[in-house]
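Hi,

Here is the structure we talked about. Please open it alongside this note; what I found is set out below.

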Amino acid sequence: MLATARTYTLDGIIARPVRVEVDVHRGLPAFAIVGLPDTAVREARERVRAALVNCGFDFPLQRIVVNLAPASLRKAGPGMDLAIAAALLSASGQLPGTGLADVALAGELALDGATRPIHGALAIAEAAREGGVEAVVVPTENGAEAALAEGIEVLPLDGVSELPALAAGEWRPEPPQPLALRSEPPPGTPDLADLRGQPHLRHSLEVAAAGGHSLLMIGPPGAGKSLAASRLPSILPPLASAEALEVARIASACGRLTDGTASGRPFRAPHHTISAAGLVGGGSPPRPGEITLAHRGVLFLDELCEFPRDALEALRAPLEAGQVSLARASGGRTLPCRFMLVAASNPCPCGRGESDPDCACPHIAVQRYRGRLSGALADRIDILAAVRQPSAEDIGGPPGEPSAAVRERVAAARERQARRLGAGRTNAEMTPGEARECLLSAEAGALLAEFYARQRLSGRAHDRALRLARTIADLAEKETIGAEEMAQALQLRRRDRD
Amino acid sequence: MTDRAPRACPDCLRRSWLLALLGPYVEKLATSAPGSRSPELLRLANEDLVAVAAPKVAGQLLARIEALGEEELEQQLAAAGCWACCRHTDLYPVGLRDAADAPWALIARGDPGLLEGLEPFGAVTIVGARRATSYGREIGRDLGRELAAAGLVVVSGLAFGIDACAHRGAVDTGRTIAVLGCGPDVAYPTAHRSLWRRICETDLVISEQPPGAAPWRWTFPARNRIMAALAGMTVVVEAAARSGSLITADLAADLGRDLGAVPGPVNSRASAGPNNLLAGGACVVRDAQDVLDALLGPGARRLDRHGPALDPTLAETLAAVESGAATCDAVATALHLPGPAAAAALARLELLGYLTCSTMGVYTRTMQTPPSGGPPATSAP
């Protein structure tokens with residue numbers, strides 16, 4: 001007898017529909033799964049058999065063939081256990097009526113028949129809605145997450161033993177409450193108040209957050225670079241609801257939404273031994289990389305000069321485009337990655353900096369070290385903050401301004417940008433044409449022109465100064481960039497050369 | 001070729017082409033002691049030089065050189081964007097005429113006006129170690145900047161370290177000549193291509209070698225003799241006890257030119273060379289004024305180091321940098337200023353020429369002083 005069930009397999013961060021066809025007929029007892037299953041899918045045989053037997057169902061001692069259609073698509077992960085079990089029960093006449101042919105099922109099974117959470121429940125629920133399915137059955141733990149997808153009924157299931165009642169229409173589980181997505185940073189997030197003293201570093205962080213500018217911090221080890229970077233998400237403006245859903249979708253696909261850790265803006269700080277594939281995404285089928293996990297949040301590259309060159313080079317196009325396209329033989333996937341880049345570096349290999357008399361680094365070694373900073377990636381960095389060891393007085397001093405106060409100013413500045421440039425856009429994304437249209441006071445224009453002539457700024461550096469000045473003016477709630485804002489921008493800008 | 005472009009006689013030009021052909025042969029000859037042998041060799045006439053350096057192919061090489069016609073030579077020069085002058089033309093610098101082993105012709109790229117009326121006391125040669133310390137590079141740049149601003153032509157060799165710093169300082173404020181050990185159209189070292197291009201555009205690059213000639217080890221001491229002869233004074237900024245820069249110093253002393261050295265810490269290996277020169281009686285060079293006094297006579301030309309007037313905030317900020325606050329954060333903390341105010345003040349001081357900022361965001365004080373009653377003109381610690 002033949003029966004089918006609908007399920008989904010995760011591909012990157014989207015779910016692709018899969019139809020499970022189970023055929024049970026006479027022959028030597030066997031259980032085969034065909035249709036490009038990966039090892040996790042193939043092992044479903046053992047899990048499904050044990051789950052059904054332990055829940056008191058009959059496991060047909062016949063020839064069972066499970067086909068996962070379309071046969072050309074690679075199926076990955078244990079999320080198809082539940083659908084296989086349902087189709088098998090239906091094919092062996094243990095589910096009443098048409099079984100569960102009209103709903104989609106996704107879930108991993110334990111040997112006792114209980115469901116286990118899966119990755120990508122939100123993407124699956126959304127794909128089910130797009131596919132015109134009435135309801136989607138997911139493990140209980142994924143219920144709240146899947147309920148974020150509006151317009152589809154979510155049926156959280158505790159175990160495979162509930163399937164007959166569900167199929168007969170005698171019982172429906174309680175609809176779950178959608179997960180509360182925090183747009184604000186959750187309590188306990190590191191706060192900017194921990195950064196004591198260091199007024200310039202604070203100012204750099206605030207300007208970077210307000211304009212979406214990428215930031216490079218240079219300073220000796222222990223000067224507070226990592227501390228400052230980890231406080232950045234807490235001063236970024238709250239996520240809009242659409243943005244929060246994007247972040248949730250990515251977190252869900254990586255299985256990090258259910259435990260409640262992924263709320264608010266993400267902060268990713270990969271170690272510098274990361275590969276290019278780990279950073280931008282890779283593998284087959286492609287899995288999201290750190291830049292996608294940092295979508296709408298902060299990607300912090302500590303020890304920028306230690307990162308493999310190819311990993312940094314791979315960042316360039318995604319930084320510009322806000323998305324990364326991964327081409328594979330089986331087709332291309334585009335993953336979103338609109339993040340703020342924050343990097344930190346020591347001034348020289350020994351970390352003391354050349355102006356320190358104890359620094360014994362030869363100049364050539366320092367140049368080679370910094371050479372990695374001046375590559376094409378550095379071109380995308382707007383702000384340079386020289387960080388120094390805070391004094392004892394600073395460390396023992398009163399706590400700094402809390403994140404909430406800074407966040408208010410940043411949010412107001414972002415609103416001004418959205419009014420001028422269109423929703424969701426920031427000053428950092430201004431085209432050169434837009435940058436040159438910014439209103440400048442006469443003194444500010446003269447200041448920039450003089451700097452341009454005397455320091456021989458490149459055209460790019462000129463526009464960078466304009467963008468930064470615009471952000472500083474937005475923070476100061478000014479329509480026109482004044483001389484003061486321009487002077488600050490000229491100080492904050494990243495320097496092209498010695 | 002227009003009449004206005006400087007010209008050289010074909011015989012002198014052929015000498016340059018011959019040197020390029022001899023490159024590998026002289027390299028073999030001079031491997032044991034490239035420093036001492038090459039200037040001696042270069043005193044020889046064409047036939048003798050070829051006989052010494054490449055006896056087996058002497059006839060062939062000479063024939064190849066003789067076959068080069070005047071038109072072909074000029075075509076090659078023009079194709080590389082170069083021009084030339086030789087010892088028989090007025091443009092040939094007076095200083096080079098003093099040297100017995102002076103180059104027959106100079107192949108150049110850039111502004112011929114720099115050679116016009118160039119007397120030894122109108123130029124200063126700044127040399128130093130390639131592996132220089134941050135102290136040496138800072139002093140090299142300051143000397144280059146200030147001496148060029150005072151109207152001297154700054155001569156150096158476009159090498160790593162001190163040479164490049166001196167050029168960089170000088171192109172900002174005045175004129176500079178880069179003397180190369182390869183053809184003037186070859187940017188060597190490659191890392192200095194942008195600096196080379198800038199000097200080609202606004203100033204002058206010269207060489208004894210024809211366009212396209214590759215550098216050899218022996219061509220560097222050979223170009224050192226041109227650097228030493230061009231200028232009235234050679235200043236060694238930093239050099240190890242045995243260094244190519246000291247060859248230039250020796251050559252300059254042999255020609256009767258002034259020799260200056262920048263003192264450094266007595267325990268610093270990078271300053272051993274200049275410290276030894278000082279012990280041997282070289283002029284102490286603490287700043288550009290010392291060079292001007294030695295070259296032109298005491299007090300003949302005074303440096304004007306006065307910058308524009310400063311308002312109280314800027315003066316305070318400047319004082320903070322002088323007392324050791326090197327970054328914006330340090331200044332803000334020292335003066336209890338909010339971050340933005342400190343940033344704006346530093347940017348203004350940089351624009352006014354009181355400060356420079358490195359790519360690492362570290363500020364250093366320049367030699368410029370406020371108009372009156374300002375702090376003394378010393379560089380930041």
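**Where the chains touch**

In this predicted model, 26 residues of chain B are in contact with 34 residues of chain A. Two helices of chain B, α15 (328-335) and α16 (339-351), each supply at least two residues of the side that touches chain A. Which of the elements gives the most to that side? It is α16(B), with nine residues. By type, the residues on this side of chain B divide into 16 nonpolar, seven polar and three charged.

**Domains of chain B**

Chain B is divided into two parts: domain 1 covers 10-296 and domain 2 covers 312-365. Their C-alpha centres lie 38 Å apart.

**Fold and overall shape of chain B**

Chain B has 16 helices and 11 strands. Along its principal axes, the C-alpha trace of chain B spans about 80 × 45 × 40 Å.

**Packing inside chain B**

How much of chain B is buried? Buried residues make up 54% of its 381 residues. I also looked at contacts within chain B between residues at least 6 apart in sequence. Of these, 70% join residues at least 24 apart.

If you look at one place to begin with, take α16(B), which gives nine residues to the side of chain B that touches chain A.

Best wishes

Terms used: Residues numbered from 1 in each chain as written. Chains lettered and ligands numbered in written order. Predicted model: local features only at pLDDT ≥ 70, side-chain atom pairs only at ≥ 80, totals over all residues. Domains from an automatic or database assignment. Helix = DSSP H or I, 4+ residues; strand = E, 2+ residues; numbered from the N terminus. Buried ≥ 20, exposed ≤ 12 C-beta atoms within 10 Å, placed from the backbone. Contact = placed C-beta atoms within 7 Å. Nonpolar A, V, L, I, M, F, W, Y, C, P; charged D, E, K, R; others polar.
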